[in-house]
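Here is a short walk through one protein model. Keep the sequence and the 3D view side by side as you read.

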Amino acid sequence: MPTTSNKPTRAAIYARVSTHEQDTGMQVAELRQLCGQRGWSIVAEHLDDGVSGVATARAGLDALLADVQAGKWPISERGENRPRQRVI
């Protein structure tokens, strides 16, 4: 994604797994790699470990959305090639 200034695009990473036996590490690594490939600067990482996708309260996602609502950065949601992953 091209930027209109010399500043890199800022990105916040969000990853979630449903059980504590799972690990967000692979998701985070892939998202970090994607950001690096695109020259984006990661400004925050929010994680929800062991939180069901149907849960209405997710601390990591809630924190990310609160940052957006507070105007820390604008939000742009685009589907990527990987199912259930999005760049926000």
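A search of the whole structure finds two salt bridges. A salt bridge here is a side-chain nitrogen of Lys or Arg within 4 Å of a carboxyl oxygen of Asp or Glu. Bear in mind that this is a predicted model, in which local features need pLDDT of at least 70, side-chain atom pairs count only at pLDDT 80 or more, and totals for chains, interfaces and linings use all residues. Residues are numbered from 1 along each chain as its sequence is written, and side-chain values use heavy atoms, with hydrogens and water left out.

Start with arginine 32 and glutamate 45. Their closest N and O atoms are 2.9 Å apart. This pair links distant parts of the chain, 13 residues apart: arginine 32 sits in helix 1 (residues 25–38) and glutamate 45 in strand 2 (residues 41–49). Helices (H or I, at least four residues) and strands (E, at least two) are DSSP runs, numbered from the N terminus. Arginine 32 is partly exposed, at 44% relative accessible area. Glutamate 45 is partly exposed too, at 34%. Buried means under 20% relative accessible area, exposed over 50%, and partly exposed in between (1.4 Å probe, protein chains only).

The other salt bridge joins aspartate 67 and lysine 72, with 3.4 Å between the closest N and O atoms. Aspartate 67 is buried, with a relative accessible area of 13%. Lysine 72 is partly exposed, at 46%.

Now step back to the overall layout. The protein has two helices and four strands. From the N terminus, the order is β-α-β-α-β-β. Of the 88 residues, 32% are buried.

Next, look inside. The largest nonpolar core has seven residues: Ala12, Tyr14, Ala44, Leu61, Leu64, Val68 and Trp73. Such a core is a set of buried Ala, Val, Leu, Ile, Met, Phe, Trp, Tyr and Cys residues joined through side-chain atoms within 4.5 Å. Strand 1 and helix 2 (59–69) each supply at least two of the core residues. Helix 2 gives the largest share, three residues.

Arginine 16 belongs to strand 1 (residues 10–17). A polar atom of the arginine 16 side chain does lie 2.9 Å from the backbone oxygen of valine 51.

Terms used
A polar contact is a pair of N or O atoms within 3.5 Å; within protein, one must be able to donate a hydrogen and the other to accept it, and residues adjacent in sequence count only if both atoms are side-chain atoms.
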